[in-house]
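Hi,

Here's the structure I said I'd pass along.

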Amino acid sequence: MENGLNILSPKDRCVICSEERKSLLSSETVIFLYQPIMGADAAAVHAVLASSATTVPRKSGHLPEIGDILKTLDMEIPRFYDACCKLEALGLLRTFVHDVSNERRMIYQLLLPLSGQEFFKQTVLDTLLMSSVGRRRHDQLKQLFAPNVFAYSENSKEITKTLADVFDVRKENIQNLQINRVKNESLLEKSELNFDLKYFKQLLKHSFVEEKEVMEHLDEVKTMVLLYGLDELQLVKQLEKSFNVANNRVDFSLFRRYVNEEFESALEKPARNEKEISAESAKSTARLSSEERQLVEACNYYAPLEFLAALKNEQGGYASNIEKYVVGNVVKANVLPGAVINVILHYFLCDEDNDQLSGKVSTRFEEFCNQFAKRKISDPVSAMDYLKGEVEKNRQKKQQRRMSARNGQTKKNVQKATLTDWDELAQKQNADLDYKHDLDEIEKLRNQMKNAKGR
């Protein structure tokens, strides 16, 4: 994952603009609906940018530096960049780079957050919020920001006037405005999915679920692929489970809930002790301790995101969105088996006892993953052996540096003290000898003068 150091510099000037008023940018939906998904850092960056945004952007004159924003936020570039990425992914920010006269300028355009009704209609956002705050809080927020629409009676006839009915507006102008209106690309359309639609339709043909109905809710189905990594067969099983026999239709709100509940329950499952281990695997783990064998078994059993959540839960914490993002990127790269990623996760969160997989720790985590992929490490036992070797090498290097520093300092002090002491002592002794010699000569002259007078 990029850390922004090759893109941003504290000396870069920035233009912060918005098409809307500041009060609209910092609405309650950002605090209650967006912040649980994007985290505190992204919310802080959004607040600072919104407070500085102008509807008429200044393109010249005194423009703020990125460093000024970083000081205000008390952040370094990687954290700031990661927060901006989250804002961009959620449709709250657009970022541009503009090079002028060998000077780089960053242009940040803030976008309006969705209203409560629009937010919960976005399946991706709706499901992300449920994953972040839990089903109970999700239902409370939905009732607060998107309450049930008033149900009109079937016998009621709407007589509401349209714009053209009341005002003198040419219909062709309205049509042109609608045509020229920019269509915002949804979050789902921006994402890459590992989803075979043709195979999915083939599975539906052998199911009692109507293909036509599912295709009408295809975005919701794809969202489950994006967020939970379900394959086509798992999707069909969940759709069948959510089928309502009363009306012969799929309850898609129930479908999303079932998928989320199954994911959460999977995180709480203990490792399968009854899992059979192949002869080759047994041979490779024979030299390991019982604790190490249990770790290998858990790494083989859990998917990386599940393993991350299980580790955090065991430590009394929870997997943050940024940690899920970091691990998800490594999984998406498809360069390491999940079991090997789990070993590296265990090393960083348990052996090194890091509180969170973010900042410099996340950078080191990705460096380790690249290192393992480069060395073609493909099983958890080899990963553990390699980590042990690296830890021992680092320990020896640190010990050698400490010994070298200690020896060098001691030698230097002894040499300096010896030379200085002997030199000062010699000078002092020489001075004393010269002074005594002079006194003896003076005394001899006095005696000679006395003897001469006595004669």
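Below is what turned up on the nonpolar cores and the salt bridges.

First off, keep in mind that this is a predicted model.

The largest nonpolar core has 41 residues, and Met 38, Val 45, Phe 80 and Tyr 108 touch the most other members. Several elements give two or more residues to this core, including strands S1 and S3 and helices H2, H3 and H4. H2 (28-52) gives the most, with 11 residues.

On to charges: searching the whole structure gives seven salt bridges. Three of them:

- Asp 82 pairs with Lys 86, with the closest N and O atoms 3.6 Å apart. The two are four residues apart in helix H4, so about one helical turn separates them. Both Asp 82 and Lys 86 are buried.
- Glu 323 meets Lys 312 at 3.1 Å, N to O. Glu 323 is in helix H19 and Lys 312 in helix H18, so this pair ties together parts 11 residues apart in sequence. Glu 323 counts as buried at 0% relative accessibility, and Lys 312 does at 5%.
- Arg 364 meets Glu 352 at 2.8 Å, N to O. Arg 364 sits in helix H21, and Glu 352 in the loop between H20 and H21. Arg 364 is partly exposed at 29% relative accessible area, as is Glu 352 at 27%.

Cheers

Definitions and conventions: Residues numbered from 1 in each chain as written. Predicted model: local features only at pLDDT ≥ 70, side-chain atom pairs only at ≥ 80, totals over all residues. Heavy atoms only, no water. Core = buried A, V, L, I, M, F, W, Y, C linked by side-chain atoms within 4.5 Å. Buried < 20%, exposed > 50% of the residue type's maximum accessible area, 1.4 Å probe, protein only. Salt bridge = Lys/Arg side-chain N within 4 Å of Asp/Glu carboxyl O.
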